[in-house]
Amino acid sequence: MKSCPTCNRTYSDDTITFCLVDGSILSASYDPGATQNYPYPQNTEPPPTRTSNPSSNVTDTIPSLASQPFISGAERNPPSETKSQKRGLIFGVIIVLVLTAGLIIGLGWNT
């Protein structure tokens, strides 16, 4: 059952969303049985944090990157990989250009 907050009329049809008299948006009437009461209080505390190995030592940690030597980008990527990437990019651009030209020619002949 819905009611109009302006004129206080009630409507039993739940499909109506606006008051037929003044056009206000209908609100659902208060139903105290709609909410469910739990017989016991809910626990809202987060569970305690546990470690997987409480007896771990500091020596088991991962070493810092600062102790490792610096490797430049050219040393990480061999020149053969960058050349193959450039070839793939050029090949992709050529395919796009050929398809675009074919589309333009095809549309030109249809008119």
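These legends walk you through several views of one predicted model.

As a predicted model, it is read with cut-offs: local features need pLDDT of at least 70 and side-chain atom pairs count only at pLDDT 80 or more, while totals for chains, interfaces and linings use all residues. Residues are numbered from 1 along each chain as its sequence is written, and side-chain values use heavy atoms, with hydrogens and water left out.

View 1. Of the 111 residues, 6% are buried; buried means under 20% relative accessible area, exposed over 50%, and partly exposed in between (1.4 Å probe, protein chains only). The chain exposes about 10,500 Å², with carbon and sulfur atoms supplying 61% of that area, as computed by the Shrake-Rupley method with a 1.4 Å probe. Take the contacts (heavy atoms within 4.5 Å) between residues at least 6 apart in sequence: 16% of them join residues at least 24 apart.

**View 2. An open sheet of 3 strands runs in the order β2-β1-β3.** The pairing is antiparallel, and two strands pair if DSSP finds at least two bridges between them. At the edges sit β2 (10–11) and β3 (27–28), each pairing on one side only. Strand β1 (residues 2–3) is joined to β2 by 2 bridges.

**View 3. K2, in strand β1, is a buried lysine without a salt bridge.** A salt bridge would need a side-chain nitrogen of Lys or Arg within 4 Å of a carboxyl oxygen of Asp or Glu. The nearest side chain of opposite charge belongs to D14, 5.7 Å away. Backbone atoms are another matter: the K2 side chain reaches the backbone oxygen of D14 at 3.1 Å and that of I16 at 3.3 Å.

**View 4. S3 is the next stop in strand β1.** Is this serine buried or exposed? S3 counts as buried because its relative accessibility is 18%. Leaving aside neighbours within four places in sequence, S3 is in contact with R9, T10, L26 and S27.

**View 5. N8 lies in the loop between β1 and β2.** Its phi is near 65°, a positive value in a residue other than glycine. N8 counts as exposed because its relative accessibility is 62%.

Technical notes
Helices (H or I, at least four residues) and strands (E, at least two) are DSSP runs, numbered from the N terminus. Lys and Arg count as positive and Asp and Glu as negative; His and the chain ends are not counted. A polar contact is a pair of N or O atoms within 3.5 Å; within protein, one must be able to donate a hydrogen and the other to accept it, and residues adjacent in sequence count only if both atoms are side-chain atoms.
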